[in-house]
Amino acid sequence: MKPAHRNLLLRSNRYLGASLVEADLVTLPNLEAATERLLQFVTAGVARQSNVLGVLAYEMKVLREEDVLQHLADEHGAGLVDLRNHELAEELRLSLDPGVCWATWTLPFDREEGFTSVATACFLSSAARTYWEKHLDGPIIWYGATIEGIADQLEKLETARAANPPLPPKPAP
């Protein structure tokens, strides 16, 4: 993992964890234990497990991912999306940096009439949202998505890229 991606991942997860505590979805001691486990995954380079929400929900079982998604819909007005039913827009598939997507657990998946649809498991992380707001052109329509849905799409993207790497940009004349 590139150092910039690692820093973004740690910052995104720190803000996500703080928001989960603030929303009374987890306790501070549970978050502290999950953060220690997250650091083990990051050190080992295991991208698919490098998410504090995943540690809390699937390893420690002190939180249900469904409760976080419901909180997003109820308290923040975010839509919900099942990424198994979507293919990435061609322009996004060619331009996305999978390392940034893993670091923020966020995946822009469609672009229509200047709006970008973005699925995330880290909506509660202001660091993740701010990153994408600065790096995407135009307004964003945010959707909550499951960790598994995002991970599956990112793995598909990486597999497709390995089979057909994007062409380098043409030099200016």
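Begin by selecting M1, which is placed in the segment before α1. Helices (DSSP runs of H or I, at least four residues) and strands (runs of E, at least two) are numbered from the N terminus. This is a predicted model, in which local features need pLDDT of at least 70 and side-chain atom pairs count only at pLDDT 80 or more, while totals for chains, interfaces and linings use all residues. Residues are numbered from 1 along each chain as its sequence is written, and side-chain values use heavy atoms, with hydrogens and water left out.

M1 is exposed, having a relative accessible area of 54%. Here buried means under 20% relative accessible area, exposed over 50%, and partly exposed in between, with a 1.4 Å probe and protein chains only. A contact requires heavy atoms within 4.5 Å. Then show G99, 98 residues from M1 in sequence, and draw the C-alpha to C-alpha distance, which is 7.3 Å.

Move along to S12 in helix α1. Is S12 buried or exposed? Its relative accessibility is 0%, so S12 counts as buried. Leaving out residues up to four places away in sequence, S12 touches A103, T104, S125, A127 and A128. For T104, the C-alpha atom is 6.0 Å from that of S12, although 92 residues separate the two in sequence.

Now select residues 52–59, which form helix α3; six of these eight residues are buried, so the helix is largely enclosed by the rest of the structure. The buried ones are V52, L53, G54, V55, L56 and A57. To see what covers them, colour α1 (3–22), α2 (28–44), α4 (65–76) and α8 (147–163), which are included in that cover.

Leaving α3 towards α4, stop at K61 in the loop between these two helices. Most residues other than glycine have a negative phi. The phi of K61, in contrast, is positive, near 55°. K61 has 63% relative accessibility and so counts as exposed.

Within helix α4, select H71. With 17% relative accessibility, H71 counts as buried. Which residues does H71 contact, leaving aside its neighbours within four places in sequence? They are A23, L25, H76 and L124.

The next stop is E90, found in helix α5 (residues 90–95). E90 is partly exposed, with 45% relative accessible area. Select V46 as well: the C-alpha atoms of E90 and V46 are separated by 27 Å, and the two residues are 44 apart along the chain.

Proceed to L96 and display its surroundings. Not counting residues up to four places away in sequence, L96 touches L88, C101, L107, P108, W132, L157 and R161. L96 also belongs to the largest nonpolar core, which has 49 residues; L20, L53, L83, L96 and W105 touch the most other members. Such a core is a set of buried Ala, Val, Leu, Ile, Met, Phe, Trp, Tyr and Cys residues joined through side-chain atoms within 4.5 Å.

E113 is not a glycine, yet its phi is positive, near 50°. The relative accessible area of E113 is 75%, so this residue is exposed.

Finally, zoom out to the whole chain. How many helices and strands does the chain have? There are eight helices and four strands, running from the N terminus as α-α-α-α-β-α-α-β-β-α-β-α. The radius of gyration is 16 Å, close to the 16 Å that the globule rule gives for 173 residues, so the chain is as compact as a globular protein of that length. That radius is taken over C-alpha atoms, and the rule is 2.2 Å times the number of residues to the power 0.38. Along its principal axes, the C-alpha trace spans about 60 × 35 × 25 Å. Buried residues make up 42% of the 173 residues. Among contacts with a separation of 6 or more, 64% join residues 24 or more positions apart.
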